[in-house]
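Please look over the sequence and the 3D structure shown below before reading on. The paragraphs that follow lead from the overall fold to the core and then to individual loop residues.

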Amino acid sequence: MAIKTVFITTPGAGTFTVPLDFGSLVSVEAIGGGSHYDAYKGGSGGAYAKSVSAFGLTAGLTVYKNVGAAGTGGSLNGGDSWINTTTNAPPSSSSQGVLAKGGVPGPGGGGPTATSVGDTKYAGGSGGN
């Protein structure tokens with residue numbers, strides 16, 4: 001059986017239907033939106049999170065998702081990206097899905113791992129001064 005990879009890239013909230021030829025889950029991964037720079041702080045990267053323990057995914061199931069947009073001049077912070085198999089909200093555990101926090105401008109502003117959700121998490125790159 002071939003491994004299928006699905007990318008969801010359009011920013012914003014909504015739902016996603018698991019393909020009918022779905023076999024078994026390998027992982028669910030997300031990258032938070034990067035922040036925008038301002039006059040005093042450089043932009044930073046969003047966090048990365050991966051879950052290999054999301055439960056309940058079956059062919060044809062509708063899951064909830066949000067793809068965090070990059071920060072803009074009006075809203076400097078990057079948006080959070082997440083998938084939740086049970087409810088329309090960011091997951092609170094890896095068994096529900098994955099959450100990658102968006103970046104915040106400036107030093108130390110990369111998307112944090114402490115508030116991201118996943119079995120594997122990496123902070124986003126920090127912005128400059």
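Which pattern does the protein follow when it is read along the sequence? The pattern is β-β-β-β-β-β-β, and the protein accordingly has zero helices and seven strands, where helices (H or I, at least four residues) and strands (E, at least two) are DSSP runs numbered from the N terminus. This is a predicted model, in which local features need pLDDT of at least 70 and side-chain atom pairs count only at pLDDT 80 or more, while totals for chains, interfaces and linings use all residues. Residues are numbered from 1 along each chain as its sequence is written, and side-chain values use heavy atoms, with hydrogens and water left out.

As for overall dimensions, the C-alpha trace of the protein spans about 50 × 25 × 25 Å along its principal axes. The radius of gyration of the protein is 15 Å, which agrees with the value near 14 Å that a compact globule of 129 residues would have; this radius is taken over C-alpha atoms, and the globule rule is 2.2 Å times the number of residues to the power 0.38. Among contacts (heavy atoms within 4.5 Å) between residues at least 6 apart in sequence, 59% join residues at least 24 apart.

Of the 129 residues, 35% count as buried, where buried means under 20% relative accessible area, exposed means over 50%, and partly exposed lies in between (1.4 Å probe, protein chains only).

In soluble globular proteins, nonpolar side chains tend to be buried together. Here the largest nonpolar core has ten residues, namely Val 18, Val 28, Ala 30, Ala 49, Ala 54, Leu 57, Val 63, Ile 83, Val 98 and Ala 100, and β2 (28–31) and β6 (97–100) each supply at least two residues of this core. A nonpolar core is a set of buried Ala, Val, Leu, Ile, Met, Phe, Trp, Tyr and Cys residues joined through side-chain atoms within 4.5 Å. Leu 57, one of the core residues, touches Val 18, Phe 22, Leu 25, Val 28, Val 63 and Thr 85, not counting residues up to four places away in sequence.

The loop between β5 (81–84) and β6 holds Pro 90, and Ser 95 lies in the loop between β5 and β6 as well. Pro 90 is partly exposed, with a relative accessible area of 44%, and Ser 95 is partly exposed at 30%. Leaving aside residues up to four places away in sequence, Pro 90 touches Trp 82, Asn 84 and Leu 99, whereas Ser 95, counted with that exclusion, touches Ser 53, Ala 54, Phe 55 and Thr 85. From C-alpha to C-alpha, Pro 90 and Ala 100 are 9.4 Å apart in space and ten residues apart in sequence.

Pro 112 has its place in the loop between β6 and β7 (120–122), and at 34% relative accessibility it counts as partly exposed.
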